Amino acid sequence: FPSHDNCPFQKSVAALTDESTPYSKELSRNFRVLGSFLIQYPQSLFREEIGEYLGDLAQKSHHYKESLRIVSGVRNKTNKVKALLQKLHYQLGIDCYNQKNYTEALKYLDVSLALSPFDYYSMLMNGWTHYFLGQKAKARTLFERVLHHSPQDPSALEGLGLLDAAK
């Protein structure tokens, strides 16, 4: 976005990200408008800025599914858009995991891990999701990968301990 103080769009962005104002309907509308713009004009000079803005909105407003739908429609995926996709898949996976919907969580967490194969949190939560789905070998592999990056990780050690105790 242009960084001009008198740019009306810049003021709208600031107002929409202000958590002290009630904008839930406006947020949804802005997701749709900006998402449609990204889909219609994937070569726009503003694609990365809009992707970042959508990411900020998604994080602040918890509109993860709608944001994922919009950002997934971007044809020309920059590194920033790919990073946003990874974060959105991760967050949706965590939401499903917290609801004990492990099958659905795994769908999102697998994509998150594929988009960022060395992401610590994606590996760890993917491991726990496999564990709760009874996929012990895959869980073990993921917990071991976590320990490769963080040798004393208490959660990964706990997961391996539970797997070893079940033998």
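**Ground rules**

I number residues from 1 along each chain as its sequence is written. The model is predicted, so I need pLDDT of at least 70 for local features and 80 or more for side-chain atom pairs, while totals for chains, interfaces and linings use all residues, and side-chain values use heavy atoms, with hydrogens and water left out.

**Entry 1: overall make-up**

I looked up the secondary structure first. The protein chain has 9 helices and 0 strands. Helices (H or I, at least four residues) and strands (E, at least two) are DSSP runs, numbered from the N terminus. Along the sequence I read the pattern α-α-α-α-α-α-α-α-α.

Next I checked burial. Of the 167 residues in the protein chain, 41% are buried. Buried means under 20% relative accessible area, exposed over 50%, and partly exposed in between (1.4 Å probe, protein chains only).

Then I checked contacts, meaning heavy atoms within 4.5 Å. Among contacts in the protein chain with a separation of 6 or more, 52% join residues 24 or more positions apart.

**Entry 2: helix 4 against helix 5**

I went on to helix packing. Axes are lines fitted to C-alpha atoms, for helices over the stretch in contact, and angles run from 0 to 180 degrees between N-to-C directions. Helix 4 (residues 64–72) packs on helix 5 at about 150°, with the axes 10 Å apart. That makes helix 4 roughly antiparallel to helix 5. For this term, angles under 35 degrees count as roughly parallel, over 145 as roughly antiparallel, 65 to 115 as roughly perpendicular and the rest as oblique.

The crossing of helix 4 and helix 5 is left-handed. Left-handed means that the near helix is turned anticlockwise from the far one by less than a right angle; clockwise is right-handed.

**Entry 3: helix 5 against helix 6**

Helix 5 (residues 79–98) and helix 6 (residues 102–115) pack at about 155°, with their axes 7 Å apart. The two are therefore roughly antiparallel. Their crossing is left-handed. On the helix 5 side, the contact includes K82, L85, H89 and Y97. On the helix 6 side, it includes Y102, A105, L109 and L115.

I then looked at the loop between helix 5 and helix 6, where K100 is found. K100 has a positive phi of about 65°, although it is not a glycine. K100 is exposed, at 61% relative accessible area.

**Entry 4: helix 6 against helix 7**

The axes of helix 6 and helix 7 come within 9 Å and cross at roughly 150°. That makes helix 6 roughly antiparallel to helix 7. This crossing is left-handed. Among the contact residues I note Y102, A105 and L109 of helix 6, and M125, T129 and F132 of helix 7.

S116 is in the loop between helix 6 and helix 7. S116 is partly exposed, with a relative accessible area of 23%. I also looked up its distance to K82: S116 and K82 are 34 residues apart in sequence and 9.1 Å apart in space, C-alpha to C-alpha.

**Entry 5: aromatic rings**

How many aromatic pairs does a search of the whole structure find? The search finds 9. Rings of Phe, Tyr and Trp (its six-membered ring) pair if their centres lie within 6.5 Å; planes under 30 degrees apart count as stacked, over 60 as edge-to-face and the rest as tilted.

I took W128 and Y131 first. Their ring centres are 5.4 Å apart and their planes are at 75°, so the pair is edge-to-face. Both are in helix 7 (residues 120–132), 3 residues apart, or about one helical turn. Y131 is buried, at 15% relative accessibility. W128 is buried too, at 8%.

W128 also pairs edge-to-face with F143, at 5.0 Å centre to centre and 65° between the planes. W128 lies in helix 7 and F143 in helix 8 (residues 136–149), so this pair ties together parts 15 residues apart in sequence. F143 is buried, with a relative accessible area of 0%.

Which residues do ring pairs link into a cluster? I list Y97, Y102, W128, Y131, F132 and F143.

Last, I checked for a charge over a ring (NZ of Lys or CZ of Arg within 6 Å of the ring centre and within 35 degrees of the ring normal). K136 lies over the face of Y131, at 3.9 Å from the ring centre.
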